[in-house]
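This report describes a ligand site and the nonpolar cores of one protein. The sequence and structure are shown first.

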Amino acid sequence: MKHLLLLSGECCELAKAELELFAGAKAIEQDGNVLIADAEKFDYSRPAFTKISAVFLFSCKKNELEKKIKEFEWQKYYKGSFFVRLVHIEQSMAGRIADIIWKKLKNPKVDFKNPKSVFVFIQQKDNVYCGLLLNENTEKFHARKAHKRPAFSPVSLHPKLARAVVNLTGIKKGIILDPFCGTGGILIEAGLMKLKPIGSDIDADMLKKAKTNLEALKIKSYKLLKKDATTIKIKADAVATDPPYGKASSLHKQNMKKLYSEFLANAYNILKKKSRLVIIFPNGISVKSKFKIIKRINIPIHKSLTRTINVLEKR
Ligand SMILES: C[S@@+](CC[C@H](N)C(=O)[O-])C[C@H]1O[C@@H](n2cnc3c(N)ncnc32)[C@H](O)[C@@H]1O
């Protein structure tokens, strides 16, 4: 099915990678942060960096929109009531568009509260893209930021990024391991997506904090273990992790590379063939391992810090 996807403008590359590696979406056309992609049905609530998911209906030039709306067979997508959702288009246009659609329908009904069909129109420069809405991302990532959780750590990932890291593993259900779990940022997102998160850390204090945070968000099916990531023996369907990095850590660059390399060697035995490990490294660091590199994405964290998300797959 052809999908119309509105990507979050912060990092289109990450948004696209998430859709490709989680949903198997194959990009057909991209116009700024509007993506048209081919994909089977997927859990539209999961991608963190996709704002809107819709069935692609048509696209046209802005000045041809009225003509196109008049020609389009709306009845095919009308399920009993409708609403027009405009993105980057003047809201005053909604009435005019709804009026034309209304005239094309048998038994038309507009419903502002619980419409059965939402027709979304997204303007991107001179083009307009139209779709049948499947999901609009309303995740409250800000409310879960590290400083808002009961147990704080300054090195915890932004929840939106933590969610994307989980999705890049491609996991749909089962056990996801974060062997450098810290205060539980990745585990929280995995738990909220109904996966079974297992977190381990070398530091008992961090594990206590992770427990407090997971409990506060009412996540039930988690497990926490005090283990060294370079030797932990456990089975998992995927691994998503954010190991220590940079100045905040007491590790020097050389020791850090050694830690990463020993961890990757151990992690190779944790996973089944074709399963993925997603790991964030400081920018510019690459570590040899038996894993196949599927993707590398550079992400700006703040002005002076860029990090690289590495998506690796067991051969
Ligand atoms: C960058 S923090 C992880 C942050 C985490 N994503 C969060 O949301 O809080 C890295 C963590 O790795 C842990 N760590 C360092 N060396 C380790 C090792 N060899 N095995 C397991 N954990 C280790 C540290 O205690 C720290 O909690």
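## Ligand site and nonpolar cores

In this predicted model, an N or O atom in the side chain of aspartate 242 lies 3.4 Å from a nitrogen atom of the ligand. Further polar contacts (pairs of N or O atoms within 3.5 Å) are listed with it below.

| Residue | Ligand atom | Distance |
|---|---|---|
| Threonine 183 | oxygen | 2.8 Å |
| Aspartate 228 | nitrogen | 3.1 Å |
| Aspartate 242 | nitrogen | 3.4 Å |

On its own the ligand has 610 Å² of accessible area, of which the protein covers 90% (Shrake-Rupley method, 1.4 Å probe). Around the ligand are 20 residues, the closest being Ser156, Thr183, Gly185, Asp201 and Ala229; each has a heavy atom within 4 Å of the ligand.

The model is predicted: local features need pLDDT of at least 70 and side-chain atom pairs pLDDT 80 or more, while totals for chains, interfaces and linings use all residues. Residues are numbered from 1 along each chain as its sequence is written, and side-chain values use heavy atoms, without hydrogens and water.

A nonpolar core is a set of buried Ala, Val, Leu, Ile, Met, Phe, Trp, Tyr and Cys residues joined through side-chain atoms within 4.5 Å, buried meaning under 20% relative accessible area with a 1.4 Å probe, protein chains only. The largest core has 40 residues, and Leu14, Phe42, Val166, Leu168, Ile176 and Ile309 touch the most other members. Helix α1 (residues 12-23) gives the largest share, seven residues (helices are DSSP runs of H or I, at least four residues, numbered from the N terminus). Because domain 1 (2-136) and domain 2 (142-313) both contribute residues, this core lies between them; the domain bounds come from an automatic or database assignment. Another core, of 25 residues, lies apart from it and includes Leu177, Ile232, Tyr260 and Phe291.

Conventions
Buried < 20%, exposed > 50% of the residue type's maximum accessible area, 1.4 Å probe, protein only. Helix = DSSP H or I, 4+ residues; strand = E, 2+ residues; numbered from the N terminus. Polar contact = N/O pair within 3.5 Å; in protein donor to acceptor, adjacent residues only side chain to side chain.
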